[in-house]
Amino acid sequence: MRKILFAASECVPFIKTGGLADVCGALPKEFDKGDWDIRVVLPNYSCIPEHWRNQFEYVTHFYMSCGNYIQNKYVGILQYKMDGITYYFIDNQEYFDCFLPYGDIRFDIEKFIFFDKAVLSMLPLINFQPQIIHCHDWETGFIPVYLNTEFQGDMFFWGMKSIMTIHNLKFQGIWDVKTMKGLTGLPASLFVPDKLEFKKDANMLKGGLVYADYITTVSDTYAQEIQTDYYGEGLNGLLAARHMDMQGIVNGIDYDVYNPASDQKLYVNYDASSYRKKKPMNKEKLQQELGLAVDKKRYMIGLISRLTDQKGLDLINYVIERIIDDYTQLVVNRRSAV
């Protein structure tokens with residue numbers, strides 16, 4: 001049986017701030033359980049709802065150091081099984097007792113360095129030896145780095161491969177080299193321009209992109225765009241150099257969750273036989289809730305997004321006066337930054 005470990009900073013249904021959580025929640029469920037042993041690891045945030053946290057089971061614990069700044073820290077391993085998938089939660093109150101998964105960037109960098117090393121450190125203790133570790137965004141960027149450096153001295157990790165998926169290139173986990181050395185315990189030889197150094201600082205996502213065996217991102221178009229100066233966020237040269245090891249894969253959705261026949265978040269459920277009659281009822285209910293003119297013939301445009309040019313808001317601003325008229329309604333639901 002082939003084995004994959006998904007490593008991420010968030011995952012539906014436990015914790016979500018953006019689309020990353022949807023992907024990490026939906027994708028593992030699509031593998032054939034007869035051929036694949038799929039497991040997921042994420043931090044045990046205190047802001048995970050109690051409904052879930054009360055069902056987590058203790059597996060083991062150990063103490064771990066990274067660099068000089070992270071010494072002898074407790075690492076608890078909890079687990080929860082659902083839909084044939086085992087979810088692991090890295091427990092440490094100092095790092096993961098929080099109202100939100102992200103906050104101060106300096107502290108976030110420290111806690112995700114801790115998380116990255118803890119992910120690899122736990123594998124021999126839970127007797128799980130994946131062929132592939134699938135890492136998501138900058139928060140998991142040092143997993144491929146540690147895997148190919150410090151952990152290569154242990155035969156348990158030989159042959160283990162990593163995939164790095166870019167969901168949003170704008171966020172990279174950047175801090176000064178001195179601090180990063182003290183946090184990671186990685187040698188100075190890694191903090192050079194062709195490895196972890198980035199404009200005289202250190203960059204967690206860059207580390208993942210350098211050391212991962214393969215790179216994916218959320219569409220073929222984005223994979224091409226991020227190799228250009230305009231969209232590359234300073235990493236376009238590296239990504240262009242690795243273009244043969246990179247491809248875009250369009251994010252899918254969970255058809256069980258996003259099923260209009262059963263979705264409890266809709267005002268009125270509908271299916272292929274009833275959508276003509278019932279789907280407009282949802283628009284009318286939304287119009288009523290938002291204080292808009294209730295009219296099923298009005299054209300409504302909905303947008304759920306962070307309000308940033310990265311999401312095309314500059315294009316909407318450019319054409320909005322030609323879109324909006326007395327027969328058109330625009331509904332915007334602002335999403336917080338990841």
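This is a predicted model: local features need pLDDT of at least 70, side-chain atom pairs count only at pLDDT 80 or more; totals for chains, interfaces and linings use all residues.
1. Salt bridges, overall. Eleven salt bridges turn up in a search of the whole structure. Side chains of opposite charge can pair when their charged atoms come close. Three of these bridges are taken up in the next points, starting with the one between K16 and D22.

2. K16 and D22. The side chains of this pair meet at 3.0 Å, N to O. K16 is partly exposed, because its relative accessibility is 39%. D22 is also partly exposed, with a relative accessible area of 22%.

3. K29 and D254. In this salt bridge the closest N and O atoms are 2.5 Å apart. K29 lies in the loop between helix 1 and strand 2 (36–43), while D254 lies in the loop between strand 12 (246–248) and helix 10 (275–290), so the pair ties together parts that are 225 residues apart in sequence. K29 is partly exposed at a relative accessible area of 25%, whereas D254 is buried at 7%.

4. D108 and K111. Here the salt bridge has an N to O distance of 3.2 Å. Both residues belong to helix 4 and are three residues apart, about one turn of the helix. An α-helix has 3.6 residues a turn, so residues three or four places apart point the same way. D108 is buried, with a relative accessible area of 4%, and K111 is buried as well, with 3%.

5. Aromatic pairs. The structure holds 24 aromatic pairs. One of them joins Y63 and Y74 in an edge-to-face arrangement, with 5.8 Å centre to centre and 70° between the planes. Y63 is part of strand 3 (residues 57–64) and Y74 of strand 4 (residues 73–82), so the pair ties together parts that are eleven residues apart in sequence. Y74 is partly exposed, its relative accessible area being 28%.

6. F112 and W138. This aromatic pair is edge-to-face too, at 5.6 Å centre to centre with 85° between the planes. It links distant parts of the chain: F112 sits in helix 4 (residues 105–126) and W138 in the loop between strand 6 (132–136) and helix 5 (142–148), 26 residues apart. Both F112 and W138 are buried.

7. Ring cluster and a charge over a ring. Ring pairs link F14, W52, F56, Y80, Y87 and F89 into a cluster. Elsewhere, the charged end of R322 sits over the ring of Y318, 5.0 Å from the ring's centre.

8. Helix 1. Six of the eight residues of helix 1 (residues 19–26) are buried, so the helix is largely enclosed by the rest of the structure. The buried residues are L20, A21, V23, C24, G25 and A26. Strand 6 is included in what covers them.

9. Helix 6. This helix (residues 177–184) is mostly covered, with six of its eight residues buried. Those residues are V177, T179, M180, G182, L183 and T184. Their cover includes helix 4, helix 5, strand 8 (174–176), strand 10 (201–203) and helix 7 (204–211).

10. Q79. This residue is found in strand 4. Q79 is buried at a relative accessible area of 18%, which is under the 20% cut-off for that label. Leaving aside neighbours within four places in sequence, Q79 is in contact with Q55, F56, E57, V59, T86, Y87 and Y88. Two of these contacts, F56 and Y87, also belong to the ring cluster of point 7.

11. Y327. This residue lies in the loop between helix 11 and strand 14 (328–334). Y327 counts as exposed because its relative accessibility is 63%. Not counting residues up to four places away in sequence, Y327 touches R298 and Y299. The C-alpha atoms of Y327 and K297 are separated by 8.2 Å, and the two residues are 30 apart along the chain.

12. Nonpolar surface patch. L307, I323, I324, L330 and V332 make a nonpolar surface patch of about 370 Å². Of these, L307 is found in the loop between strand 13 (299–305) and helix 11 (313–323).

Conventions: Residues are numbered from 1 along each chain as its sequence is written. Side-chain values use heavy atoms; hydrogens and water are left out. Patches are made of residues with over 30% relative accessible area and no salt bridge: like charges are joined within 9 Å, nonpolar side chains (Val, Leu, Ile, Met, Phe, Trp, Tyr) within 5 Å. Accessible areas come from the Shrake-Rupley method with a 1.4 Å probe; for residues, only the protein chains shown count as cover. A salt bridge is a side-chain nitrogen of Lys or Arg within 4 Å of a carboxyl oxygen of Asp or Glu. Helices (H or I, at least four residues) and strands (E, at least two) are DSSP runs, numbered from the N terminus. Rings of Phe, Tyr and Trp (its six-membered ring) pair if their centres lie within 6.5 Å; planes under 30 degrees apart count as stacked, over 60 as edge-to-face and the rest as tilted. Buried means under 20% relative accessible area, exposed over 50%, partly exposed in between (1.4 Å probe, protein chains only). A charge sits over a ring if NZ of Lys or CZ of Arg is within 6 Å of the ring centre and within 35 degrees of the ring normal. Contact means heavy atoms within 4.5 Å.
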